[in-house]
Amino acid sequence: MQDLPLLRTFSNTLLQRHRQTELMDSPDLEQSLHDAALAGLRRINRWSRTGAAIWSGISDLVAQCTPQQELTILDIACGSGDQALWLARRLQQQGIRHRIHGVDISGTAVAAATQQALQAGVSNISFHQCDVLHDPFPLPQYDIVMNSLFLHHLDEPQVVRVLQRMAGAASRRVVIDDLRRTRLGYFLAWTGCRLLSRSPIVHFDGPVSVEGAFTDSEMLQLSAQAGLLSARLQRHWPQRFLLTWQPDRTLSNE
């Protein structure tokens with residue numbers, strides 16, 4: 001498997017989105033390679049402080065929780081569950097009652113997430129195999145519906161579909177963290193994936209993910225198409241965005 005040439009960082013303007021099939025998306029990927037790639041992604045997420053970014057998008061809701069309330073969270077395309085587990089630990093530390101469901105189309109990812117939760121002794125969290133484009137979620141409604149590093153895997157109509165499903169299942173907040181398609185983002189992905197992981201899957205998929213990612217304006221346009229007209233987008237390190245949206249309670253109560 002050959003590395004993508006670093007020269008593409010400078011020769012490719014990334015003006016147009018170029019989505020390619022990533023190796024992690026292959027249904028016949030060997031489990032050992034899949035597990036190694038998931039471990040590499042966990043390390044990259046820790047370095048990128050993805051959990052902290054997502055927390056910034058929900059901290060106001062957490063602050064409003066009373067001891068009697070249970071905060072429900074759905075993590076779409078949860079992978080090996082590192083973000084869901086990070087949130088569960090943080091909520092537990094703050095004494096917030098919570099229930100978290102993670103869903104992913106990959107049985108390998110769900111098994112890895114379940115094993116991680118068991119080893120960590122984290123309660124009130126479970127993982128389920130689910131095609132988020134078609135299958136019902138474990139519960140019809142959650143306070144918060146989130147995903148991270150997922151939308152760049154999809155075609156634009158699929159992104160709109162996922163956003164609509166997230167909005168329909170979220171009673172209080174939608175939170176999305178993903179890559180931004182920039183030259184610096186490509187360079188950081190190419191370099192960071194090689195420094196933080198030995199997985200050839202991660203080495204290939206990292207830069208390819210940036211080529212398939214969205215610009216800020218493209219993401220806001222897709223959000224508007226899905227009906228998330230008041231979505232807010234903020235940039236954060238390393239060349240990522242945090243998009244948040246909440247339903248208009250005035251309209252929902254009419």
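**Exercise 1. Aromatic pairs**

Task: Find how many aromatic pairs the structure holds, and classify them.

Solution: 
- Step 1. This is a predicted model. The structure holds two aromatic pairs.
- Step 2. A pair of aromatic rings is described by the distance of the centres and the angle of the planes.
- Step 3. Take W47 and W237. Their centres are 5.7 Å apart, and their planes stand at 65°. Planes over 60 degrees apart count as edge-to-face, and the W47–W237 pair is edge-to-face.
- Step 4. W47 belongs to helix α2, while W237 sits in the loop between β6 and β7, so the pair ties together parts 190 residues apart in sequence.
- Step 5. Take W55 and W86. The centre-to-centre distance is 6.3 Å and the plane angle is 70°. The W55–W86 pair is edge-to-face.

**Exercise 2. Charges over rings**

Task: Identify the ring under the charged end of R90, then the ring under that of R194.

Solution: 
- Step 1. For R90, the ring is that of W55; the charged end sits over it, 4.3 Å from the centre.
- Step 2. W55 is also the partner of W86 in an aromatic pair.
- Step 3. For R194, the ring is that of W190, and the distance to its centre is 4.0 Å.

**Exercise 3. Helix α6**

Task: Check the length of helix α6, then work out where its buried residues lie.

Solution: 
- Step 1. Helix α6 covers residues 107-120, which is 14 residues.
- Step 2. List the buried residues of α6: A109, V110, A112, A113 and A117.
- Step 3. These residues cover an arc of only 165° around the axis, so they lie on the same side of α6.
- Step 4. Look at the other side of α6. L118 and Q119 are exposed there.
- Step 5. Ask what covers the buried residues. The cover includes α2 (31-48), α5 (82-93), β2 (98-104) and β3 (125-129).
- Step 6. Inspect the ends. S106 caps the N-terminal end, with a side-chain oxygen 3.3 Å from the backbone nitrogen of T108. G121 follows α6 and has a positive phi, near 65°.

**Exercise 4. Backbone exceptions**

Task: Locate the cis peptide bond and the positive phi values of L149 and Q239.

Solution: 
- Step 1. Most residues other than glycine have a negative phi, and most peptide bonds are trans.
- Step 2. The cis bond joins W237 and P238, with omega about -5°. P238 lies in the loop between β6 (232-236) and β7 (240-245).
- Step 3. Q239 is found in that loop between β6 and β7. Its phi is positive, about 55°, although Q239 is not a glycine. Q239 has a relative accessible area of 18%, so it is buried.
- Step 4. L149 has a positive phi near 55°. Its loop runs between β4 (142-148) and α7 (156-169).

Conventions
Residues are numbered from 1 along each chain as its sequence is written. This is a predicted model: local features need pLDDT of at least 70, side-chain atom pairs count only at pLDDT 80 or more; totals for chains, interfaces and linings use all residues. Side-chain values use heavy atoms; hydrogens and water are left out. Helices (H or I, at least four residues) and strands (E, at least two) are DSSP runs, numbered from the N terminus. Buried means under 20% relative accessible area, exposed over 50%, partly exposed in between (1.4 Å probe, protein chains only). The expected span of a helix is 1.5 Å times one less than its number of residues. The arc is that of the directions from the helix axis to the C-beta atoms. Contact means heavy atoms within 4.5 Å. A polar contact is a pair of N or O atoms within 3.5 Å; within protein, one must be able to donate a hydrogen and the other to accept it, and residues adjacent in sequence count only if both atoms are side-chain atoms. Rings of Phe, Tyr and Trp (its six-membered ring) pair if their centres lie within 6.5 Å; planes under 30 degrees apart count as stacked, over 60 as edge-to-face and the rest as tilted. A charge sits over a ring if NZ of Lys or CZ of Arg is within 6 Å of the ring centre and within 35 degrees of the ring normal.
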